[in-house]
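Open the model in your viewer and keep the selection tool ready. Each stop says what to select and what is there.

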Amino acid sequence: MRIDAIVIGSVVSSRIVLEELIRAGIPVLKVFSLDEQYSGNVSGYDPIHKTAEQHGIPASTFQKINDPACVEELERLSADYIFVVGLSQIAGSRIIRAAKKGVIGFHPTALPRYRGRAAMVWQVLLGVTDAKCTLFFIDEGMDSGPILGQEPYRIGEEDYASDIEKSLCSALRKLCRRVFGEMKAGALHPEEQDESQATYLLKRTPEDGEIDWGQPIEHIYRLIRGTSRPYPGAFSYYDGKEKLIIWHAGRMENTRYIGRPGQIAEVRERSFDVLCKDGLLRVDEYETEGGRRIVAGHRLKAKG
């Protein structure tokens, strides 16, 4: 069965879908890639137009996918499937109608649970370990269309965002190969989502990465893991002044130090320990504004 597709996206999951379409021999009519100059707030940006060009596939960049010029070209191309993957912009109703067979999205959770924004970060914060990713038909709701397939992946209790991304990407490749095989055979079996099981993740911003040192150390550790690269990072302010981003840390038992949460207990050549209410956080990868030198006894806390 001959089918064709269009890919719209801006991150590594967008590139994986494009690569797997090519691998499956499904013709890609065109790639629409978020222009790099508008990618400042996109964590893990990937210029997928460059991948398209390497394979001789027509490509163009955009700022807003719902702009009339983009929508009109999508309508003119009239692909069987349009993949909108790894894009924070919502595909409008004209884009949804532009595909002959449907518009397909990707979500890193086991829909209908955890619909919405910043799903990878939220799953770490919530302590999810056994996760699934989903390919589904996009409708005009929020991640609510029929499911085409799901693939499990693991979020380890010590995994950071970059580790989880690798596991997720591996699961996405497996999922694409299975679903694209069904697609080529004309054997897709979309399943409606159970609305009674739906939960929603609300938007997160970089400011949500600020550490509350009054929280349990496990909560702080999850925040650091979940918001580390390629995300903006968990942060605090040295003496309430200069911003300090923590990229990597470990949990330690505290049997020696008495002080206030956020206070720096000990400094070494390559790490320092921060007092938490139920342990010590050993920070071994961080950056500070102006290269500030860390001194024991000083405190990480809210600005001002």
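**Before you start**

This is a predicted model, where local features need pLDDT of at least 70, side-chain atom pairs count only at pLDDT 80 or more, and totals for chains, interfaces and linings use all residues. Residues are numbered from 1 along each chain as its sequence is written, and side-chain values use heavy atoms, with hydrogens and water left out.

**Stop 1: the whole chain**

Show the protein chain as a cartoon. Its secondary structure comes to 7 helices and 15 strands. Both are DSSP runs numbered from the N terminus: helices are H or I with at least four residues, strands are E with at least two. Along its principal axes the C-alpha trace spans about 70 × 40 × 30 Å.

Now switch to a surface. The chain exposes about 14700 Å², and carbon and sulfur atoms supply 46% of that. Accessible areas come from the Shrake-Rupley method with a 1.4 Å probe; for residues, only the protein chains shown count as cover. Of the 304 residues, 50% are buried. Buried means under 20% relative accessible area, exposed means over 50%, and partly exposed lies in between (1.4 Å probe, protein chains only).

**Stop 2: Lys30 and Glu73**

Select lysine 30 and glutamate 73. They form a salt bridge, with the closest N and O atoms 2.6 Å apart. The term means a side-chain nitrogen of Lys or Arg within 4 Å of a carboxyl oxygen of Asp or Glu. Which elements does this pair tie together? Lysine 30 lies in strand 2 (residues 28–34) and glutamate 73 in helix 3 (residues 68–77), so the link joins parts that are 43 residues apart in sequence. Lysine 30 is buried, at 10% relative accessible area.

**Stop 3: Glu285 and Arg229**

Next, select glutamate 285 and arginine 229. This salt bridge also has its closest N and O atoms 2.6 Å apart. Glutamate 285 sits in strand 14 (residues 279–288), and arginine 229 in the loop between helix 7 (217–227) and strand 10 (234–238), so the pair ties together parts 56 residues apart in sequence. Glutamate 285 is partly exposed at 34% relative accessibility. Arginine 229 is partly exposed at 39%.

**Stop 4: strand 5**

Two strands pair if DSSP finds at least two bridges between them. Look for tyrosine 81, which stands opposite glycine 102.

**Stop 5**

Zoom in on strand 12. It is joined to strand 13 (residues 272–276) by 3 bridges, and the two run antiparallel. Glutamate 266 stands opposite aspartate 273 in strand 13. Glutamate 266 also forms a salt bridge with arginine 268, the closest N and O atoms being 3.6 Å apart. Arginine 268 is partly exposed at 29% relative accessible area, and glutamate 266 is partly exposed at 25%.
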